[in-house]
Amino acid sequence: MAAITLDHVSKTYPGATRASVDGVSLDLPEGAFVVVLGPSGCGKSTLLRMLAGLETITGGEARIAGRRVNELEPKDRGCAMVFQNYALYPHMSVADNIGYPLKVAGLPRAERAARVRAVAESLSLGEHLARRPGQLSGGQRQRVAIGRAMVREPRVFLFDEPLSNLDATLRVQMRAELRRLHERLGATSLLVTHDQVEAMTLADILVVMQAGRVEQVGPPRAVYDRPETRFVAGFLGSPPMNLMPGRVAGGGGAVALEDGPLVPLPGRLPAGLAVMLGIRPEHVTEGGPHAALVEMVEDLGSGRVVHARMQGVPVTLHAPAEATLRRGQPLRLGLPAARLHVFEAESGRRHEPAPLQAAEAALAG
Amino acid sequence: MVERRPLLNLATHLLLGFGLLCLLLPIWLAFIAATQDVAGANAVPMRWLPGPHLLDNLAAAWTRADLGARFTTSMIVALGVMAGKVGLAMLAAFAIVFFDWRAKAVVFWLVFVTLMLPLEVRIVPTYVVAANALRPFQAILDITGLTGLVETLSGVRVALEWRMLNSYTGLILPLVATATGTFLYRQFFMTIPEELVEAARMDGAGPLRFLRDVLLPLSRTNMAALATIMFVYAWNQYLWPLLVTTEPQRSTVMVELSRLVPRGDGLPEWNIVMAAALTVMLPPLAVVVLMQRWFVRGLVATEK
């Protein structure tokens, strides 16, 4: 059974003309780590907060473990939430913070203490139990916040950009820790972020949102390899995918780039169609049919990012760290047909070129 | 920022010193007068050094103004106003800041407007209400004709009455019903991050639980500040207790103190008056000294 089901869930704030979340439907399986990714203001936090019960759902239905939760109080939904700024009670000790949900639930003191201790040990907070949040480091505070969520043994964990307040090193550590924790607890986790690395590394299921709508759902690898829309293609990946406007030409087997060369496709498309041709920087090859000029080189340490111009078309590509490329230097580029993505210019939808053989056969037949 | 301006420093300290002198001089004069006999207190030129009669004067003031009983009354009033205010203001601010309800804006502005109408301005209507707190309701019943209706139907004449004159209720309630504390709390409550409120909701704490477990401990310094201010304010009240208490055994220490002041052709016993004044100053002074640490923190800094 699905752990979380969203059925055309919408949120329109009073007085707003546009819905912040616009008819989102999702089916999230039990025990999955789901990451909702999107630019700020895309409605991803609102979606999470609606599920938590902190915002009212103005349209559609949300179900947790098959039960409609639209009208339930947050505490009755079986969710626990970890907030971006931790939201720890500043006047309570670590132990009291973690134990607060149990205290409210009216558990006897002894049982409370035992469970708090167990949770704290598992998060290596054991020796900090008597401290106040103000005396802890950012990572420790984050762990206390997670502990407070864990102690209730919820069915669903909700994370609202939990790592965005940590510095880079700590973020990588906590990311791994979150993943381990998820595996150990086996509960369903829903994490909201705008950081694509976080999304790619943590997710079993990646949900990409934009302007209140879901753009694509799937395993992160699949979303990365086969973006369904132009938005997803441009949003996921760093440096982002090259997106070049053009028109299908050459009898449907190639794309004539605007102010650029003719690029052959792996299949056929309706001739004359206005498209966006996409290729990831790591798939652009050095050495190939297209002449280009180096405009700028960024050194990343592990490699270089080369910004080149192919006639009028800007192209970025990955180059090995040893590459001796300089500004103004000419080079030749290859755009392998198998690595190309084609999006319809108007709708932004992905277009899969019909395989050559099949198309040829159809023509012959 | 580091500043090195010795001249400016000197000037500032001179100004501060002058201010301190202006503040302390009257108290010193009162103390001097309290240590003299009648002749010494009225001597021209004024005496600047203490005389030997302090204890005699204190004892005389204590018995003559019945200060023991008056202290009890004043203490009950001041503590009542203090506790009432701290509690009421907290609940009012809680409702205004953390709940969304239809009349919220209206109520907020009504409370705000009362800031511009201190007790002294509305003293007559307040007195009328204190004389019979239910009078406004009676008026509504009379105007709508309900009184007449009930009388013809049941033969009972509706006459609502709740007299608060000469009672602690009458002394305390009108002083509690002001907006100052509400705003102090409101400002503090608005600094509480939204996430903290939401975390408490997720943890299953209802509004009252949140108030008790989170807001109350976090606003301890604010409470201390407000309590100090309200204690001193209530202790120093003169006009309202004078109006509302007609029986001498109900009057407060301030009212009694003013009765000691010589009038007309009475003996000008300023030494006794000043000794009494010094005694009366002690409780608020003690409260301020004891609460100072909390008090300053509550007014100045937001504790991190």
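## Contact between the chains

Chain B brings 15 residues and chain A brings 17 residues to the contact that joins them, where two residues count as touching if their C-beta atoms, placed from the backbone, lie within 7 Å. On the side of chain B that touches chain A, α11 (194–202) and α12 (207–218) each supply at least two residues, and α11(B) gives the largest share, six residues; helices here are DSSP runs (H or I, at least four residues) and strands likewise (E, at least two), numbered from the N terminus. By residue class, this side of chain B divides into eight nonpolar, one polar and six charged, with Ala, Val, Leu, Ile, Met, Phe, Trp, Tyr, Cys and Pro taken as nonpolar, Asp, Glu, Lys and Arg as charged, and the others, Gly among them, as polar.

## Basis of the model

This is a predicted model, in which local features need pLDDT of at least 70 and side-chain atom pairs count only at pLDDT 80 or more, while totals for chains, interfaces and linings use all residues. Residues are numbered from 1 along each chain as its sequence is written, and chains are lettered from A and ligands numbered from 1 in the order in which they are written.

## Overall form of chain B

Chain B has 16 helices and zero strands. Its radius of gyration is 25 Å, well over the 19 Å that the globule rule gives for 304 residues, so chain B is more spread out than a compact globule; the radius is taken over C-alpha atoms, and the rule is 2.2 Å times the number of residues to the power 0.38. Along the principal axes, the C-alpha atoms of chain B fill a box of roughly 75 × 70 × 30 Å.

Of the 304 residues in chain B, 29% count as buried, a term that requires 20 or more other C-beta atoms within 10 Å of the residue's own, with exposed meaning 12 or fewer and partly exposed lying in between. Among the contacts in chain B between residues at least 6 apart in sequence, 75% join residues at least 24 apart.

## Helix packing in chain A

In chain A, the axes of helix α2 (residues 94–104) and helix α3 (residues 109–122) come within 9 Å and cross at roughly 130°, where axes are lines fitted to C-alpha atoms, for helices over the stretch in contact, and angles run from 0 to 180 degrees between N-to-C directions. That angle makes α2(A) oblique to α3(A), since angles under 35 degrees count as roughly parallel, over 145 as roughly antiparallel, 65 to 115 as roughly perpendicular and the rest as oblique.

The residues in this contact include A:Ile98 and A:Leu102 of α2(A), and A:Val116 and A:Val119 of α3(A). Taken together, the residues of the contact of α2(A) with α3(A) divide into six nonpolar, one polar and three charged.

## Backbone features in loops

A cis peptide bond with omega of about -5° joins A:Ser238 and A:Pro239, and A:Pro239 lies in the loop between α8 (230–235) and β11 (242–249) of chain A. In chain B, a cis peptide bond joins B:Val44 and B:Pro45, with omega of about -5°, and B:Pro45 is found in the loop between α2 (38–41) and α3 (54–64) of that chain.

A:Tyr86, a residue other than glycine, has a positive phi near 70°; A:Tyr86 sits in the loop between β6 (79–82) and α2 of chain A and is buried, with 24 other C-beta atoms within 10 Å. A:Ala211, also not a glycine, has a positive phi of about 45°; the place of A:Ala211 is in the loop between β9 (205–210) and β10 (213–218) of chain A, and with 16 C-beta neighbours inside 10 Å this residue counts as partly exposed.
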